[in-house]
Amino acid sequence: MQQFTARPIHFISLRIKLLLGFTVVYSVISVATYGWFYRYSTDKAMQRIQQDLVETLMGAVKGIDVEEFQTLAQVKVPEGQILPLGNPLYQKHQEWLNLVHQIEPRANPYTFVVGSKPYEVLFIGDYLRITHPDSSTSFRESYIAVPAKTRLYQGLTRLTITLTPYRDKWGYWVSAYGPIKTVQGKVVGGIGVDFRADHVIEVERGIQRNLTIAFTITYLSLFILVYLISDILTNPIAKLAKVTEQIGAGKYHQTLSDLRGRKIPDEISTLAAMFEQMVDKVRQREEMLQEYSQSLEEKVEQRTEELQSKNSQLKQTLLHLQQTQTQLVHSEKMSSLGQLVAGIAHEINNPANFIHGNLTHLQNYVQDLLLLIQLYQQYYPDSVPEIQAEAQRVDLEFMQADLPKMLSSIRSGTERIRQIVLSLRNFSRMDEAEFKSVNIHEGIDSTLLILHHRLVGRAERPEIKVVKDYGDLPLVECYPGQLNQVFMNILTNAIDAVEESTPTNHKQITIRTSVIDRQWVQIAIADNGVGIPPEIQPYIFNPFFTTKPIGKGTGMGMSISYQIVTKKHGGKLEFFSTLGKGSEFLIQIPIRQEVSKDK
């Protein structure tokens, strides 16, 4: 009987392929996810540090006595001394700086005034004189804020924050500066608050360490899970292939009882049973052939032809079996590929969020550069001919006007991507965060702030006025993110409706909040737009229903909003609309969510 061919030299098992595929896919996804999580966590930590810096600075500015500070700034230091230690105003000022440090132990506060030279400041008070008198500044010590450090000099006119660690002769710092003003608004000096940069570096390293540990544990857990799954999938196929090879070699006593007798029947057990039946028939035919071979010679040829016919059927059956086995493996691969594609599609949201998050910083940098160019043109209008020629060549005026519009267009594009992906995710499975007690008015105001660019007046229409009639609401237990999404969807539709109304109409959106029966809060959002036609009002909350043109609406916003209010919060979402006069949406949710919490 023909023997089965041996395995090729470079044979790679299905299990190894699955594990290698998982490792490659997880590596790609984990690198992208790690980068996003690291940037997100670091930004959050830096925001907290920035908030602490600003709060400490604002508290220090409020606590200073401006008149005493003006008097102290004019004090002369006795000959042979660097500090006016005998001056009671100076002692009081240093005690105040020490109090600021006691309130925020990370803070090293100091004060300064403008000097007589360009970009010169004179240090008045300094907390380091208490803790490091040998390395601190002296009273009215001069310091030139060279162009690389103009942030100190800018602190005399506006709030200036530096979160990138920098080094001076006193160490590495992150800083915030602000002006000291009189009641009349006159700037008489500045105050600075420094945090040691070691704290920022320690926060970043802690985030990196925690993310590395989390991703390592996740990888090991998923690797073990994939290994176990691959064992379940490949072992039956490998056993079936081995038995097939042995039967092909003429060893018909082989059985597949462990595959055929599974507790839960599946395709493998059915295939094993059919295979054993086929092998049993082949064995019976061969026994019959041996018996007939002992009979008359005239039957030998007939039986030989039957045997050849049966052998041909066996070959066809084995070929069919191999084809079926190949189809099973292919089906498993396609299933894994489908899951992989779905996961990669989900990760599209990560780079979109990354781009969108950095647009704000990019816009701030561009605005600062444009402001610097304007100041240069204002104070140095007659520049050298080479600069004037280059400005004409690049069309500097057009670039200054067009660059902010270009950034705005990029922001609109990334916002559209994020909204579509977020809408799809929220529609399929809503946010799983716990209930939180929040101020509903803050969520509405935040949403209005995001939509501010759509409310301002344009050449084709006047400004859309927003009238707020807020009641006295308590803190409400809800999913804040999801409720803000409801506000966003309803307000966006209201703006669209107002924009479509007659251009001469007074465009207005009214938001009213109130408490009902001491157990519910109601948010009413009304507009004087075009209204909703009666024939489509029953379909407003249906998924994928939209009256907007292709590319502008997904038809998911109101459906998701209805699910959030009614399913997630146990509330009510209703609307009343008159064609040509406007619409009003009423949102009612309980103040407390005891039932939802129990669930």
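Q: How many residues lie between E10 and E11 in their hairpin, and what makes the two strands count as paired?
A: Three residues lie between them. This is a predicted model, in which local features need pLDDT of at least 70 and side-chain atom pairs count only at pLDDT 80 or more, while totals for chains, interfaces and linings use all residues. Residues are numbered from 1 along each chain as its sequence is written, and side-chain values use heavy atoms, with hydrogens and water left out. Strands (E, at least two residues) and helices (H or I, at least four) are DSSP runs numbered from the N terminus. Two strands pair if DSSP finds at least two bridges between them. E10 and E11 are joined by eight bridges and run antiparallel, so they meet that definition. Within the pairing, Arg512 has Ala524 in E11 as its bridge partner.

Q: Why is Asp517 called exposed, and what is its phi?
A: Asp517 is found in the loop between E10 and E11. Buried means under 20% relative accessible area, exposed over 50%, and partly exposed in between, with a 1.4 Å probe and protein chains only. Asp517 has 65% relative accessibility, so it counts as exposed. Its phi is positive, about 55°, although Asp517 is not a glycine. For background, most residues other than glycine have a negative phi.

Q: Which other hairpin has a residue with positive phi in it, and why is that residue called partly exposed?
A: It is the hairpin of E1 and E2, which has five residues between the strands. Here Tyr119, in the loop between E1 and E2, has a phi near 60°. Its relative accessibility is 44%, so Tyr119 counts as partly exposed.

Q: What makes E8 and E12 edge strands, and which sheet do they belong to?
A: They belong to an open sheet of five strands in the order E8-E10-E11-E13-E12, with mixed pairing. Strands E8 (465-469) and E12 (572-578) are its edges, as each pairs on one side only. The twist averages 15° from one strand to the next; such angles run from 0 to 180 degrees between N-to-C directions, along lines fitted to C-alpha atoms (for helices, over the stretch in contact). E8 and strand E10 (residues 508-516) pair in the parallel sense over five bridges. In that pairing, Asp469 stands opposite Arg512 in E10.

Q: Which strands does helix H16 touch, and what angle does it make with E12?
A: Helix H16 (residues 557-568) packs on the sheet, touching E12 and strand E13 (582-590). Contact means heavy atoms within 4.5 Å. The direction of H16 makes about 135° with that of E12.

Q: Why is the pair of Phe541 and Phe575 given its ring-geometry name, and where do the two residues lie?
A: A search of the whole structure finds nine aromatic pairs. For Phe541 and Phe575, the ring centres are 5.8 Å apart and the planes stand at 75°, so this pair is edge-to-face. The rule is that rings of Phe, Tyr and Trp (its six-membered ring) pair if their centres lie within 6.5 Å, with planes under 30 degrees apart stacked, over 60 edge-to-face and the rest tilted. Phe541 lies in the loop between strand E11 (520-527) and H16, while Phe575 is in strand E12, 34 residues apart.

Q: Are these two phenylalanines buried or exposed?
A: Phe541 has a relative accessible area of 19%, so it is buried. Phe575, at 17%, counts as buried too.

Q: How do you know that Lys572 has its charge over a ring?
A: A charge sits over a ring if NZ of Lys or CZ of Arg is within 6 Å of the ring centre and within 35 degrees of the ring normal. The charged end of Lys572 sits over the ring of Trp520, 5.9 Å from its centre.

Q: What makes strand E1 mostly covered, and which strands does it pair with?
A: Seven of the eight residues in E1 (residues 107-114) are buried. Six bridges join E1 to E6 (residues 187-196) and four join it to E2 (residues 120-126), antiparallel in the case of E6 and of E2. Phe112 stands opposite Gly190 in E6, and Val113 has Leu122 in E2 as its bridge partner. Phe112 also belongs to an aromatic cluster with Tyr110, Phe123 and Tyr143.

Q: Why is Ala145 called buried?
A: Ala145 has a relative accessible area of 1%, so it is buried.
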